[in-house]
Amino acid sequence: MSDPTPSDFAEKDDHLVEQRVAGECVYHGRLLKVHVDQVRLPNGRHSTREWLRHPGAVFILALTHNRELLMVRQYRYPVGQVLLELPAGKLDPGEDPAACAVRELEEETGWRASRITRIQTILPCVGYSDEELHFFVAEELQPGPPRPDEDEFIDCITVPLAHAYQMLMKGEFCDSKSAFAIAWLFAREGRPEGV
């Protein structure tokens with residue numbers, strides 16, 4: 001008998017599903033749209049759901065030929081601090097996620113990948129957003145000059161795997177997509193040499 005998957009339970013989900021009754025977009029910004037919807041709960045009562053529509057994004061775990069991670073340091077205004085993250089960026093309208101991953105990696109780091117592999121799509125903020133983050137691994141990299149957007153100020157650094165592992169185990173990655181991808185790497189490959 002195989003382990004159950006989410007789809008194994010789907011036919012039993014009717015008692016959990018909320019139905020949209022009415023709603024409106026109350027704010028339409030350059031990046032996000034804010035929606036306020038009225039929903040009918042499974043018990044027949046009504047409630048309000050506030051949520052964000054997001055265009056989707058990619059994040060890239062890029063490994064150099066020395067088996068170091070390419071990471072970026074940038075100021076994140078909502079949390080008021082400089083964070084260490086994997087390269088990432090939002091999808092343009094109609095853009096293929098793999099093409100976006102190639103573009104964002106080169107824009108933010110200058111490095112180009114000969115091989116890019118889609119791993120999975122995650123939903124990082126399911127309580128208030130429909131954002132989808134597409135996770136890619138980039139390998140066989142060639143360095144080049146970064147080309148950040150004119151409103152992006154980014155430092156690209158390389159982090160040895162042993163150091164990334166230690167940071168992960170100490171809880172030093174605040175950015176959830178980066179922590180997820182780095183944990184995925186070590187779950188796949190095991191603990192790096194030297195730690």
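Me: Which residues touch the most other members of the largest nonpolar core?
Reply: A nonpolar core joins buried (under 20% relative accessible area, 1.4 Å probe, protein chains only) Ala, Val, Leu, Ile, Met, Phe, Trp, Tyr and Cys through side-chain atoms within 4.5 Å. Of the 25 residues in the largest one, those touching the most other members are Phe59, Leu61, Leu69, Met71, Phe173, Ile182 and Phe186.

Me: Which elements each supply at least two residues of this core?
Reply: This is a predicted model, where local features need pLDDT of at least 70, side-chain atom pairs count only at pLDDT 80 or more, and totals for chains, interfaces and linings use all residues. Residues are numbered from 1 along each chain as its sequence is written, and side-chain values use heavy atoms, without hydrogens and water. Helices (H or I, at least four residues) and strands (E, at least two) are DSSP runs, numbered from the N terminus. Those that each supply at least two core residues are E4, E5, strand E9 (133–142), helix H3 (161–169) and H4.

Me: Which residues does Phe186 touch, not counting those up to four places away in sequence?
Reply: Phe186 is one of the buried residues of H4. Taking contact as heavy atoms within 4.5 Å, and leaving out residues up to four places away in sequence, Phe186 touches Leu161, Ala164, Tyr165, Leu168, Arg191 and Pro192.

Me: Against which elements do the buried residues of H4 pack?
Reply: The buried residues of H4 are Lys177, Ser178, Ala179, Ala181, Ile182, Leu185 and Phe186. After the helix comes Gly190, with a positive phi near 85°. The buried residues themselves pack against E4, E5, E6, E7, E9 and H3.

Me: Is Met167 buried or exposed?
Reply: Met167 belongs to helix H3, and its C-alpha is 9.4 Å from that of Ala179, twelve residues apart in sequence. Beyond residues up to four places away, Met167 touches Leu84, Glu172 and Phe173. Because its relative accessible area is 9%, Met167 is buried.

Me: Which residues does Glu104 contact, leaving aside neighbours within four places in sequence?
Reply: Glu104 lies in helix H2. With a relative accessible area of 5%, Glu104 counts as buried. Leaving aside neighbours within four places, its contacts are Val58, Ile60, Ala88, Gly89 and Lys90.

Me: Which residues are closest to the centre of the largest pocket?
Reply: A pocket is an open set of points on a 1 Å grid over the protein atoms alone where a 1.4 Å probe fits, with protein on both sides within 12 Å along at least five of seven lines; lining residues have an atom within 4 Å of a point. The largest pocket holds about 1600 Å³ of space. Of its 38 lining residues, the closest to the centre are Leu31, His54, Gln74, Arg76 and Pro78.

Me: How much space lies in the second largest pocket?
Reply: Its lining includes Arg49, Trp51, Leu123 and Asp130. Volume here is the space filled by probe spheres set on grid points joined across faces, edges and corners. For the second largest pocket this comes to about 240 Å³.

Me: What share of the chain counts as buried?
Reply: The chain has four helices and ten strands, and its C-alpha trace spans about 60 × 50 × 30 Å along the principal axes. Of its 195 residues, the buried share is 35%.

Key:
Buried means under 20% relative accessible area, exposed over 50%, partly exposed in between (1.4 Å probe, protein chains only).
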